[in-house]
Amino acid sequence: MAQSLTDTIVAPITGLGRAAIAVIRVSGPLAWQIGESVLPSLSANPTPRYAHYGRFTTGDDGLGIAFAEGASFTGESTVELHTHGSPASVSLLVAACIAAGARPAAPGEFTMRAFMNGRLDLTQAEAVRDLVEAQTEHQLKTAARQRDGELSSRVNSLRNKVIGALAAVEASTDFSEEVGPVDRDHWANEASRYRSEIHLLLEGLRLGRLLHDGLRIAIVGKPNAGKSSLLNALLREDRALVTEVPGTTRDTVEEVVDLAGIPTRLIDTAGIRESDDAIERLGIDRTRAAIAQADMVWHVYDHAMGWTSEDQELLESVENVAAIVLSSKSDLPAAPIQFPRALPISAMTGEGLSALAETVTQVFEGDRGDSFPINRRHADCLEAADNALAEVERDLTQEVPDDLLAVGLASAVRSLGEITGETTPPDVIDRIFADFCIGK
């Protein structure tokens, strides 16, 4: 970050726009002085964590709360100013703080300072962003667990084990007469165990992707089976065009919805049938592509028309992905032939929609297992550590000098440290915080 981390910075930490209350944070060595300048009732030496009421120099009134160095979010002397949330009130108060000696905070700079001052490690800092962006219950709870240190605890535990192995190998290399040679069988087994822990952590990449991007569900079936009506019912709006004419949907329609607290990307697809219409055939091709990329398929058929051989062929064509059969239009009289394990649903009455949301939870929880969600950056570091340990494991079974073993172990320690921030290159750190919004 190009700006000096010793400056005093200011920015709104609540959303911009019309709101009842807005909070403006001032952080840095001049924070308390600036706080008194814009809110005279806040003395130059205020009682920390105490709400001081008064009138701002901008004309509005509100509260000022001071936080002492080492006991604030950033770890610096901080003042948080609570004012009315009108754009005029916020902009005037920020301008007054700047005039008193602060500068505007860069994107993510408050959290960057918390990281630099040891208040958060890098995974916890990333969790702050995820908490701000959370749109569903599962996203919120997972981000909170990561901010509380669950992921960093797992990574640090593994990293400490590898550091212990590195210390033992270096001791045997430097003081072989006192501590003896490297116990190659023992450390080969340990390296294998470390790699197993890494592989378990890597299983969280798919879960992290599901949480961030949403569980991809392709809604498929014959034309006029009720796919678009189902999408509209779950969205509670007429997003997809619905008519009695088969083949209305010619392209995929994607929308994200919160189902049982899980972010879910629903993909309404063109009905699959034989067609001479070139545009409809293109839509059918996109339907098959959506199936191939989906985490789950909802196969919808018309309850009133019954289960057909075409439905059976389509269901059998779905491979390597969970598929649930839905009997739509369940409020209408049933045809003689039905799929035996279909879930009855009705976009008209709402029957079965809650049960359908629960199936999403079951798939999501099944993917979770013992893993914890990670992102692509975490996975890259874990994969680098795994490769280094694989080389160590291989070298321990061959006539390789002991000092070369230390090189691989040190590389694994460094890669694991990049996850939590101990050894992360500065340009990577800057890139992470550049993705934050201003005020965070």
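Select Asp295 and Arg209 and show their side chains: they meet in a salt bridge at 2.8 Å, N to O. A salt bridge here is a side-chain nitrogen of Lys or Arg within 4 Å of a carboxyl oxygen of Asp or Glu. This pair links distant parts of the chain, 86 residues apart. Asp295 sits in the loop between helix H11 (278–293) and strand E10 (296–302), while Arg209 belongs to helix H9 (residues 204–213). Helices (H or I, at least four residues) and strands (E, at least two) are DSSP runs, numbered from the N terminus.

Asp295 counts as buried because its relative accessibility is 7%, and Arg209 counts as partly exposed because its value is 27%. The cut-offs are under 20% relative accessible area for buried, over 50% for exposed, and partly exposed in between (1.4 Å probe, protein chains only).

Before going on, a word on what you are looking at. This is a predicted model, where local features need pLDDT of at least 70 and side-chain atom pairs count only at pLDDT 80 or more, while totals for chains, interfaces and linings use all residues. Residues are numbered from 1 along each chain as its sequence is written, and side-chain values use heavy atoms, with hydrogens and water left out.

Next, pick Arg195 and Glu393, whose side chains meet in a salt bridge at 3.2 Å, N to O. Arg195 is in helix H8 and Glu393 in helix H14, so the pair ties together parts that are 198 residues apart in sequence. Glu393 is partly exposed, with a relative accessible area of 22%.

Then move to Arg103 and Glu109, another salt bridge, at 2.6 Å from N to O. Are these two buried or exposed? Both Arg103 and Glu109 are buried. Over the whole structure, a search turns up 22 salt bridges.

**The sheet**

Stay in this part of the sequence and switch to cartoon. Which order do the strands of the open sheet follow? Its 6 strands run E3-E4-E5-E2-E1-E6, with mixed pairing; two strands pair if DSSP finds at least two bridges between them. At the edges are strand E3 (51–55) and strand E6 (103–104), each pairing on one side only.

Zoom in on E3 and strand E4 (residues 61–67), which pair in the antiparallel sense over 5 bridges. Click Tyr53 and you'll find Leu63 of E4 standing opposite.

Now bring in the helices. Helix H2 (residues 87–99) lies across strand E1 (9–12), strand E2 (21–27), strand E5 (78–84) and E6, at about 150° to E5. Helix H3 (residues 109–116) lies across E1, E2 and E6, at about 130° to E1. For these angles, axes are lines fitted to C-alpha atoms, for helices over the stretch in contact, and angles run from 0 to 180 degrees between N-to-C directions.

What does Val162 touch? Leaving out residues up to four places away in sequence, its contacts (heavy atoms within 4.5 Å) are Tyr194, Leu389, Leu409, Ala412, Val413 and Leu416.

**Loops and confidence**

Two backbone spots deserve a click. Asn224, in the loop between strand E7 (215–221) and helix H10 (227–235), has phi near 65°, a positive value in a residue other than glycine. Lys329, in the loop between E11 and strand E12 (343–344), also has a positive phi, about 60°, without being a glycine.

Last, color by pLDDT, the predictor's confidence in each residue, from 0 to 100. The protein averages 87, and 90% of the residues score at least 70. At residues 240–250, however, pLDDT stays under 50. Where pLDDT is low, the predicted coordinates should not be read in detail.
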